[in-house]
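Dear colleague,

I am handing over the structure below, which you have not worked with before. Please look through it first and then read the notes that come after it.

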Amino acid sequence: MTTKASYSLTDLVRYFLRLGTLGFGGPPALVSAMHRDLVAERGWIAETDYREGLALAQLAPGPLAAQLAIYLGYVHYGVWGATLTGVAFVIPSFIMVLALGVAYVQFEGLPPMQALFYGIGAAVIGIIAVGTYRLTRKTVRADDPLGWILLGISAGATILTETELLWLVLLSGGVYWLVNRRPGLIRFNTGNSVALVLAQALALPTDSILWKLALFFTKAGAFVFGSGLAIVPFLYGGVVKEYGWLTEQQFLDAVAVAMITPGPVVITVAFIGYLVAGFPGACVSALATFLPCYLFTILPAPYFRRWGKHPGVKAFVDGITIAAVGAIAGAVVVLARRQLTDIPAVGLALTSIGLLYRFPKLPELALIGGAALAGLLLRYFF
């Protein structure tokens, strides 16, 4: 039974506004900060409620930190609390990314902007590579041969096709479920329906670019499992390979923007949407991505204690997560062979990997800032 809250909804919204504004480091850092601040120090959220929220966020597709924030808002204040905390957590980074998008479009042709993103792009490759290594170690056990096989197949397919194959990810979940836990199955088929509702609400013509953005980013939010990095190969396959909305360099710059801003890494979708269709594109892309994760959190929340620990569901999601990590690993190779085109860029990427491996707590913002400065020096003095 839920106890009475010892804090007001205003207090919680204010907290998530601050975390969304100052919270760097991606999902692991943000999730840890929520536990430290809300459970250990302030005692607003019970340990059991926090663990249930974290389990649900890991189980469902979408950005982990945003889903946990939504669930924690739901604990004592229901749907209204979930809605306000989710918006408070995402809106600061959305505004920052939008501002960077305006600056990027305005100054992209200037050498300083190109030099900054030259260094940042190389550092991003290093950050993603180290993040993938750590994510792989946490996702696949050393004594799980099936997991390593599925991961290798997904990584290889991503490298060869240069896109994330959704059917392969879902097949991986099915295979892992069949081998490990036969009873129980869960179906995810809400992507198109959510996009349709979104498009109708915004009155978008089905042949418009905004409709295409709504449909694509709804699928990204509804079907991508894992950490914030898991969306990278899916987005690359769509916005670069399938639709050609962005060049490969623009896409890597979009990933870099997500790295240098606080809040959820997935907010890069707003930057992409802005480059494709301006301010409306940014709004539609962000809303389409976060709406599925919002629904996947608040709809099952009342019933999660009953079905969330079902072994069949866990096995299915484990298989999907393994394939998603494999796709991330493949995307690192695809992006690296396009971004690291000269020796200085390779050197910056390797330096980033070495620093992150040697100093695990090194702030990514500091690393990216150093890489941006290095990019300027390399372009103008060497």
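This is a predicted model: local features need pLDDT of at least 70, side-chain atom pairs count only at pLDDT 80 or more; totals for chains, interfaces and linings use all residues.

Residues are numbered from 1 along each chain as its sequence is written, and side-chain values use heavy atoms, with hydrogens and water left out.

Helix 15 covers residues 343–358 and has 16 residues; helices here are DSSP runs (H or I, at least four residues), numbered from the N terminus. From its first C-alpha to its last it reaches 22 Å, close to the 22 Å expected at 1.5 Å a residue, where the expected span is 1.5 Å times one less than the number of residues. The buried residues of helix 15 are Ala345, Leu348, Ala349, Ser352 and Leu356, with buried meaning under 20% relative accessible area, exposed over 50% and partly exposed in between (1.4 Å probe, protein chains only). Seen down the axis of helix 15, these buried residues fall within an arc of 95 degrees, so they line one face of the helix; the arc is that of the directions from the helix axis to the C-beta atoms. The face turned away from that buried side carries the exposed residues Ile343, Leu350, Tyr357 and Arg358. At the start of helix 15, a side-chain oxygen of Asp342 reaches to within 2.9 Å of the backbone nitrogen of Ala345.

The partner is helix 16 (residues 364–381), whose axis comes within 11 Å of that of helix 15, the two crossing at roughly 160 degrees; axes are lines fitted to C-alpha atoms, for helices over the stretch in contact, and angles run from 0 to 180 degrees between N-to-C directions. Helix 15 and helix 16 are therefore roughly antiparallel to each other, a term for angles over 145 degrees.

Gly131 lies in helix 5 (residues 111–139) and, at 21% relative accessibility, counts as partly exposed.

Finally, Thr289 is in helix 12 (residues 268–298) and is buried, with a relative accessible area of 1%. The side chain of Thr289 reaches the backbone oxygen of Ser285 at 2.8 Å.

Methods:
A polar contact is a pair of N or O atoms within 3.5 Å; within protein, one must be able to donate a hydrogen and the other to accept it, and residues adjacent in sequence count only if both atoms are side-chain atoms. Angles under 35 degrees count as roughly parallel, over 145 as roughly antiparallel, 65 to 115 as roughly perpendicular and the rest as oblique.
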